[in-house]
Amino acid sequence: MNFTSAKYICNPEMPDVNVVVKAEIEGEGTVYLPVGVEGNRHWKALQAWVAEGNTIAEAD
Amino acid sequence: MSNARKLADNLPTDGQLGNRNLIINGAMEVAQRGTSQSNANPAIGSVDRMRFALSGGTGTMSQQTMSASDRSTTGFDKYLRLDLSAGNNNAGLYYNVEAADILHAQGKKLTLSFWAKGTNPGGGSFVVPHYWYDGSNQNDGTSGSLTITSSWVKYAITFDTATASSASLTSASSRYDVAILQPNADTSTNAWQLNITGLMLEVGSQASPFEYENISTTLAKCQRYYAKIEGPIHGYACWSYSNVASTHFSLPEKMRATPSVTFTGTNNTGNNSSVGDSTFSMYNHSTWIGTSGANGVQYGGTNASSTQSIRINCYPHNSFTSNGISAGLYFGQNCSINADSEL
């Protein structure tokens, strides 16, 4: 799973709480993945991408 | 041989008598994402539950329909085709069994059976690896081998279930993988083609007859891992905050984990003239206001979604006439909201 970008999206009612990551994944396009869900393979792969030194951009 | 003897020989000697097949969609009938895919990193992009890996090769995987004579031979209407114009090692087909579904196979034998035909990788055969995997640790069993011919033949491969020495079998990502691959040591780039159907994995040392089931049952099983909410949808979203309206969609089945979401369709960033079969649109007080090009429709994610329903936030292209007023939604017939909870 190859990420090319990732950015947090916050909860509209609680702007301090990130609830989604909007990610671009090669072959899958734009994928919205829930933050911190154990068992979600996109989230797990994103953690590996971050561990490689990449950064999830902050929400607007 | 008497009929009673034939019946006795076909009865399973291990495991239960029903629901024996650990593989979902082994008849290759359900293809929610479409009938052909070239994306394979590896990924499920055509037939549900069937994961395609190119591993540096080139090719496609697709759902095919049997000819009448082949249907008579195999008993199946659909089959899966992996068509590699250039092979590479570790290219092929993966199937992920959710660990909870196969824990009872520990310490026992497993039998993988299927119909297949086609051509072999350059080295002359496929390898059939199988292993526990928890997202970090992998514990391999002893791989099988497969050599196919140009005619439909039913194969059965029996092996000992891998021993889980380091892999956790209870984590949310735990699974048992079975694959049919170009062997790791075979780095040839020869073209090959694998046609396969009637895929069945069961506890025991003999292959029992394939368990046919109606397509609605198979679809429901597949929707634990992938589901589409398809347009056309007319609905209403509740004004949420500032310039956002939100709604929830129920998922057709309780999914394995809170899913990721993709959207098929584009945001209607215009007005009436842009409302179409392939656009996500909103209206407010009888006026089409479109969806924002920057935000459009978005997934609500954690804290607002679950394994049973997902929150969708809708951002209008033009402002609501006033805050606190709900918005209408129209998602065209070519639009879909795709929920992915694959292993």
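**Note on the predicted model: pocket, cavity, cores and strands**

1. The largest pocket holds about 710 Å³ of space, and, of the 28 residues that line this pocket, A:Met1, A:Arg41, A:Ala45, B:Tyr133 and B:Arg175 are the closest to its centre. These values, like those in the points below, come from a predicted model, and they should be read with that in mind.

2. Which elements supply at least two residues each to the lining of the largest pocket? They are helix H1 (41-51) of chain A, together with S5, strand S8 (130-133) and S12 of chain B, and H1(A) gives the most, with 5 residues. By residue class, the lining of the largest pocket divides into 11 nonpolar, 8 polar and 9 charged.

3. A search of the whole structure for cavities of 30 Å³ or more finds 1, and about 50 Å³ of space lies in the largest cavity. Its lining is made up of B:Leu93, B:Tyr94, B:Tyr95, B:Leu112, B:Val178, B:Ala179, B:Ile180 and B:Leu199, which divide into 8 nonpolar, no polar and no charged residues. Strand S5 (92-98) and strand S12 (175-181) of chain B each supply at least two residues of this lining; S5 and S12 of chain B also each supply at least two residues to the lining of the largest pocket.

4. The largest nonpolar core has 48 residues, of which B:Met50, B:Phe114 and B:Leu201 touch the most other members. At least two residues of this core come from each of strand S4 (78-86), S5, strand S6 (109-119), strand S7 (126-128), S11, S12 and strand S13 (192-203) of chain B, and S13(B) gives the most, with 6 residues. A second, separate core has 29 residues, including A:Ile9, B:Phe280, B:Tyr299 and B:Cys314.

5. In chain B, an open sheet of 6 strands with antiparallel pairing has the order S1-S3-S4-S13-S6-S11. Strand S1 (36-37) and strand S11 (153-160) of chain B are the edge strands, each pairing on one side only. S1(B) pairs with strand S3 (residues 58-65) of chain B in the antiparallel sense over 2 bridges, and B:Gln37 has B:Met61 as its bridge partner in S3(B).

6. As for the partners of S22(B), strand S16 (residues 244-250) of chain B is joined to S22(B) by 6 bridges and runs antiparallel to it, with B:Arg311 as the bridge partner of B:His248. Strand S21 (residues 297-299) of chain B is joined to S22(B) by 3 bridges, again in the antiparallel sense, and the bridge partner of B:Val297 in S22(B) is B:Cys314. B:Cys314 is also included in the second, separate core of 29 residues.

Terms used:
Residues numbered from 1 in each chain as written. Chains lettered and ligands numbered in written order. Predicted model: local features only at pLDDT ≥ 70, side-chain atom pairs only at ≥ 80, totals over all residues. Heavy atoms only, no water. Pairing = 2+ DSSP bridges. Helix = DSSP H or I, 4+ residues; strand = E, 2+ residues; numbered from the N terminus. 1 Å grid on protein atoms, 1.4 Å probe; cavity = no way out; pocket = protein on both sides within 12 Å on 5 of 7 lines; lining within 4 Å. Points joined across faces, edges and corners; volume = space filled by probe spheres on them. Nonpolar A, V, L, I, M, F, W, Y, C, P; charged D, E, K, R; others polar. Core = buried A, V, L, I, M, F, W, Y, C linked by side-chain atoms within 4.5 Å. Buried < 20%, exposed > 50% of the residue type's maximum accessible area, 1.4 Å probe, protein only.
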